[in-house]
Amino acid sequence: MLYIAFIKNRPGFATDTDIIAKSRKWWNEGAKPAGLKTIGFYGALGSDTRDVIVFESSNHDDIRTMIEYWREVSFEVHPAVDMAQVFHAQGMDVS
């Protein structure tokens with residue numbers, strides 16, 4: 001299933017953690033559950049808007065693992081639908 005997560009660093013937590021080492025462990029060294037597939041990871045430039053992760057997951061345990069691993073970040077997770085795919089199926093030229 002497709003999900004959208006709005007994320008923001010929790011004040012004080014990020015400075016207490018080596019985020020680069022933790023990120024490397026998550027992305028490169030297998031800490032990320034195999035059932036999570038990252039589709040996109042976006043941040044807004046020059047604003048205080050939350051960052052967005054778009055991902056797929058087949059179970060809630062993997063999402064819980066992600067939230068517990070990244071305790072420096074507050075998550076707001078929502079089920080999602082690919083609206084471009086819906087519009088394409090209706091014959092719209094979305095690009």
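A helix here is a DSSP run of at least four residues marked H or I, and helices, like strands, are numbered from the N terminus. With that in mind, the structure, which is a predicted model, can be followed from its overall layout down to a few single residues.

The protein has 3 helices and 4 strands, and, read from the N terminus on, these elements run in the order β-α-β-β-α-β-α. Along its principal axes the C-alpha trace spans about 50 × 35 × 20 Å. Of the 95 residues in the protein, 25% are buried, while the accessible surface comes to about 6,700 Å², with 55% of that area belonging to carbon and sulfur atoms. When contacts between residues at least 6 apart in sequence are considered, 66% of them join residues at least 24 apart. As for charge, there are 10 positive and 13 negative side chains, and the centres of these two sets lie 5 Å apart.

The next feature to look for is the largest pocket, whose volume is about 320 Å³. Its lining is made up of 21 residues, and those nearest the centre of the pocket are Ile 7, Phe 41, Ile 53, Trp 70 and Val 73. Two or more lining residues are given by each of strand 1 (2–9), helix 1 (19–27), strand 2 (36–42), strand 3 (51–57) and strand 4 (73–79). Which element gives the largest share of this lining? That share, 4 residues, comes from helix 1.

Phe 41, one of the residues nearest the centre of the largest pocket, is found in strand 2. Is Phe 41 buried, exposed or partly exposed? Because its relative accessible area is 46%, Phe 41 counts as partly exposed, given that this class lies between the 20% and 50% limits. Leaving aside neighbours within four places in sequence, Phe 41 is in contact with Ile 7, Trp 27, Asp 51, Val 52 and Ile 53, and among these Ile 7 and Ile 53 are also listed as lying nearest the centre of the pocket. The C-alpha atom of Phe 41 is separated by 18 Å from that of Ala 31, a residue 10 places away along the chain.

Helix 1 also holds Lys 22, which is buried because its relative accessible area is 13%, a value that falls under the 20% limit. Not counting residues up to four places away in sequence, Lys 22 touches Thr 17, Tyr 69, Trp 70, Arg 71 and Glu 72. Gly 12 itself is found in the loop between strand 1 and helix 1, and at 44% relative accessibility Gly 12 counts as partly exposed.

Met 1 is exposed because its relative accessible area is 57%, a value over the 50% limit. Beyond residues up to four places away in sequence, Met 1 touches Phe 55, Glu 56, Ser 57 and Pro 79. The C-alpha atoms of Met 1 and Val 81, which are 80 residues apart along the chain, are separated by 8.7 Å.

Methods. Residues are numbered from 1 along each chain as its sequence is written. This is a predicted model: local features need pLDDT of at least 70, side-chain atom pairs count only at pLDDT 80 or more; totals for chains, interfaces and linings use all residues. Side-chain values use heavy atoms; hydrogens and water are left out. Buried means under 20% relative accessible area, exposed over 50%, partly exposed in between (1.4 Å probe, protein chains only). Contact means heavy atoms within 4.5 Å. Accessible areas come from the Shrake-Rupley method with a 1.4 Å probe; for residues, only the protein chains shown count as cover. Lys and Arg count as positive and Asp and Glu as negative; His and the chain ends are not counted. The place of a charge is taken as NZ of Lys, CZ of Arg, CG of Asp or CD of Glu. On a 1 Å grid over the protein atoms alone, a cavity is a set of points where a 1.4 Å probe fits but cannot get out, and a pocket is an open set with protein on both sides within 12 Å along at least five of seven lines; lining residues have an atom within 4 Å of a point. Grid points are joined across faces, edges and corners, and a volume is the space filled by probe spheres set on the points.
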